[in-house]
Amino acid sequence: MYRQILVKDCDKALQRILWRSDANEPIAVYELNTVTYGTACAPFLAIRTLQRIFDDHGTKFPKAMACKADFYVDDLLSGATTTRDAQEMAGQLNKLLSCGGFSLRKWASNCPEALKDIPEDQRATNPQHELAAETSSISTLGLLWTPESDILQVQVKLPIQESKCTKRQVLACIARIYDPLGFIDPVKMKAKLFMQQIWMLKGTDKRAWPWDEELPEQLARDWMSFFMQLHLLEKVRIPRVVIQSDTLSMQYHLFCDASEKGYDFVSVGNIPNCWEHPVSRLPIG
């Protein structure tokens, strides 16, 4: 995505690279012409450019305009209530984004008919088979989605636990538990509470516990007990559609609870017989 966005000529000098392939050669100076991955401004420039494409050309593609707020950088998660609407939306999206040189790839849907107008080379043809040999799961926003069953799963990519348990290792492990929709928040909360205990530890010099010093024996045992169970998160299955197409009315019930160690909030829908959720058809680009 970044390499499709040109930088203004007056700013290219800020992206200069000094390069030579041999120490005896003179140093060559290059200027990068497009947005560069790794710079602090790159995500903003990419998203702002995407929004500008919608602003400049969106009136010609009304069904595509509905997806303007459905992008997460270069990932699109959106849908429609009928197969035909999904097909029209996908077609208009492709035409709209091509106005700015963007081309969506890796399309997938829980309704195969929604993708009949999408060329094979633009579909998600390289599914992952990490969780079950008979299903094809697609990675999106840190989650795994299986279009056939329309089920979401959590990806757990844990580091190798070394024999010595340190503050650095614990924090690195917690950072790998990525769940943007909050499905496993109770587990993440327990991990963060454990990290809070480590922050309160003091070393021999009465300062914060060193990053690479082994944790006290009891804390280390508690962490290992927690760590050894994290792989069980891969067994969690979450149906993506929570509102059925035959629903006539819907209620949301909100619950909140708190203690000295944290607070929790959950919204539960009472959903027998309600309207079809607008993302029950889910093409993903």
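What pLDDT does the protein chain average, and what share of the residues score at least 70? The average is 84, and 89% of the residues reach at least 70; pLDDT is the predictor's confidence in each residue, on a scale from 0 to 100. This is a predicted model, so local features need pLDDT of at least 70 and side-chain atom pairs count only at pLDDT 80 or more, while totals for chains, interfaces and linings use all residues. Residues are numbered from 1 along each chain as its sequence is written, and side-chain values use heavy atoms, with hydrogens and water left out.

**Confidence along the chain**

**Overall architecture**

- The protein chain has six helices and 10 strands; these are DSSP runs numbered from the N terminus, with helices being H or I over at least four residues and strands being E over at least two.
- Of the 285 residues in the protein chain, 34% are buried. Buried means under 20% relative accessible area, exposed means over 50%, and partly exposed lies in between (1.4 Å probe, protein chains only).
- When contacts between residues at least 6 apart in sequence are considered, 60% of them join residues at least 24 apart.
- The accessible surface of the protein chain comes to about 18100 Å², and carbon and sulfur atoms account for 55% of that. Accessible areas come from the Shrake-Rupley method with a 1.4 Å probe, and for residues only the protein chains shown count as cover.

**Salt bridges**

- The count comes to 13 salt bridges, each being a side-chain nitrogen of Lys or Arg within 4 Å of a carboxyl oxygen of Asp or Glu.
- D9 pairs with K12, with the closest N and O atoms 2.9 Å apart.
- R52 and D56 form another salt bridge, with their closest N and O atoms 2.9 Å apart. These residues are four apart in helix α1 (residues 42-57), so about one helical turn separates them. R52 is partly exposed, with a relative accessible area of 46%, and D56 is partly exposed at 43%.
- E217 forms a salt bridge with R221, and the closest N and O atoms are 2.7 Å apart. Both residues belong to helix α6 (residues 217-227) and lie four residues apart, about one turn of the helix. E217 is exposed at 60% relative accessibility, while R221 is partly exposed at 45%.
- K63, R84, D85 and E88 are joined in a network of salt bridges.

**A nonpolar surface patch**

- I17, W19 and Y30 make up a nonpolar patch on the surface, and together they have about 340 Å² of accessible area. Patches are made of residues with over 30% relative accessible area and no salt bridge; like charges are joined within 9 Å and nonpolar side chains (Val, Leu, Ile, Met, Phe, Trp, Tyr) within 5 Å.
- Y30 lies in strand β2 (residues 28-31) and is partly exposed, at 47% relative accessibility.

**Cysteines**

- The structure holds zero disulfides, a disulfide being a pair of cysteine sulfur atoms within 2.5 Å.
- C165 is buried at 3% relative accessibility, whereas C41 is partly exposed at 41%.

**V35 and its surroundings**

- V35 is in the loop between β2 and α1 and is buried, with a relative accessible area of 3%.
- Not counting residues up to four places away in sequence, V35 touches Y2, R3, I5, V7, Q15, A42 and L45.
- V35 and R3 are 32 residues apart along the chain, and their C-alpha atoms are separated by 5.9 Å.

Methods:
Contact means heavy atoms within 4.5 Å.
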